[in-house]
Amino acid sequence: MTMTERVPLIETRVPLKSAMRHLAGAVSVVTAGIGDGRTGATVTTAHSLSVEPEVMVVSINLNSSTWTAIRRHRHFCVNVLRADQIAIADRFAGRGGLKGVERYEGARWLSLATGALALDGALAAVDCAVIVRHSHALILGSVRYVASGEPARH
C-alpha cells in the first residue's frame, strides 16, 4: 500500500498568479464588439472545450469592457498570436493605457461571420458565437494551496 502525505490546508505560500506564470501556453487576443464599441483583452486562458461540437472556452474578467461587449454582442474571436506579435498582446493587455478601439490601431483586422474581428496574420483566429449549453462541463476549483518550483516541504 502506498502512503500519501496530506498537505494541510494552510495559507497559500505562493500567489496563484505567480505560480501560473510558469505555465507555458499560447497568448491570444480576444476581440469583441462592433464599431466604436470594439474592445478586447490579452489572455492565456483560451482553449477548446470540445471538437464535437466545436466549442471554445475563454476566461474574461466580469468587470472588464471585453465582458460587456461579449455579453452585448454575443460574439468573440480568439486570435492566437505569433511570437513576433508581442506589441499587439501588450496593447490588448492595456499597457500604455490604451482602451477600446485604440487597442486595434497599428494592425489589420478582418470582420468575420459574427462581426468579431480577426487579426490578419495571427496563427489562428476562431470566430465564436456565445452559447448557453455544450457537451462538456467547465469545472471551477477553489484554490486551497499553491506550490511553485521545488515542491513545498512541510
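Which side chains meet in a salt bridge with an N to O distance of 2.8 Å? The side chains of R95 and D90 do so, in what is a predicted model, not an experimental one. The protein chain counts 154 residues, of which 29% are buried, and its secondary structure comes to 3 helices and 8 strands.

**Overall fold**

- Read from the N terminus on, the elements of the protein chain follow the order α-β-β-β-β-α-β-α-β-β-β, which gives the total of 3 helices and 8 strands.
- Among the helices are α1 with residues 16–20, α2 with residues 65–73 and α3 with residues 86–92, while one of the strands is β1, which takes in residues 28–32.
- Other strands include β3 (47–51) and β4 (54–57), which have a loop between them, as well as β7 (117–119) and β8 (124–129), which also have a loop between them.

**The largest pocket**

- The largest pocket has a volume of about 1,200 Å³, and 35 residues make up its lining.
- Which residues of the lining lie nearest the centre of the largest pocket? They are M20, T42, V43, T44 and T45.
- Four elements, namely α1, β2 (39–43), α2 and α3, each contribute at least two residues to the lining of the largest pocket.
- By residue type, the lining of the largest pocket is made up of 17 nonpolar, 12 polar and 6 charged residues.

**Salt bridges**

- In the pair of R95 and D90, whose side chains meet at 2.8 Å from N to O, R95 counts as exposed because its relative accessibility is 54%, which is over the 50% cut-off, whereas D90, at 26% relative accessibility, counts as partly exposed.
- D84 forms a salt bridge with R82, and the closest N and O atoms of this pair are 2.9 Å apart; D84 has a relative accessibility of 57% and so counts as exposed, while R82, with 32%, counts as partly exposed.
- R108 forms a salt bridge with D120, with the closest N and O atoms 2.9 Å apart. This pair links distant parts of the chain, since R108 is in the loop between α3 and β6 (109–111) and D120 is in the loop between β7 and β8, 12 residues apart.
- R108, at 55% relative accessibility, counts as exposed, and D120, with a relative accessible area of 38%, is partly exposed.

**A nonpolar patch on the surface**

- L16, M20, L23 and V143 form a nonpolar patch on the surface, and together these residues have about 370 Å² of accessible area.
- L16, one of the residues of this patch, is placed in helix α1 and counts as partly exposed, its relative accessibility being 40%.
- M20 belongs to this nonpolar patch, and M20 is also among the lining residues that lie nearest the centre of the largest pocket.

**Backbone features**

- Where is P53 placed? P53 is in the loop between β3 and β4, and a cis peptide bond, with omega at about 0°, joins E52 and P53.
- R74 has a positive phi of about 60°, although R74 is not a glycine; this residue is found in the loop between α2 and β5 (75–80), where R74 is partly exposed with a relative accessible area of 41%.

**Residues apart in sequence**

- Is V29 buried or exposed? V29, which lies in strand β1, has a relative accessible area of 0% and is therefore buried, as this value is under 20%.
- V29 and T42 are 13 residues apart in sequence, and their C-alpha atoms are 4.4 Å apart in space; T42 is also one of the residues nearest the centre of the largest pocket.
- R91 has its place in helix α3 and counts as buried, because its relative accessibility of 16% is under the 20% cut-off.
- R91 and G40 are 51 residues apart along the chain, and a distance of 9.5 Å separates their C-alpha atoms.

How values were computed. Residues are numbered from 1 along each chain as its sequence is written. This is a predicted model: local features need pLDDT of at least 70, side-chain atom pairs count only at pLDDT 80 or more; totals for chains, interfaces and linings use all residues. Side-chain values use heavy atoms; hydrogens and water are left out. On a 1 Å grid over the protein atoms alone, a cavity is a set of points where a 1.4 Å probe fits but cannot get out, and a pocket is an open set with protein on both sides within 12 Å along at least five of seven lines; lining residues have an atom within 4 Å of a point. Grid points are joined across faces, edges and corners, and a volume is the space filled by probe spheres set on the points. Ala, Val, Leu, Ile, Met, Phe, Trp, Tyr, Cys and Pro count as nonpolar, Asp, Glu, Lys and Arg as charged, and the others, Gly among them, as polar. A salt bridge is a side-chain nitrogen of Lys or Arg within 4 Å of a carboxyl oxygen of Asp or Glu. Buried means under 20% relative accessible area, exposed over 50%, partly exposed in between (1.4 Å probe, protein chains only). Patches are made of residues with over 30% relative accessible area and no salt bridge: like charges are joined within 9 Å, nonpolar side chains (Val, Leu, Ile, Met, Phe, Trp, Tyr) within 5 Å. Accessible areas come from the Shrake-Rupley method with a 1.4 Å probe; for residues, only the protein chains shown count as cover.
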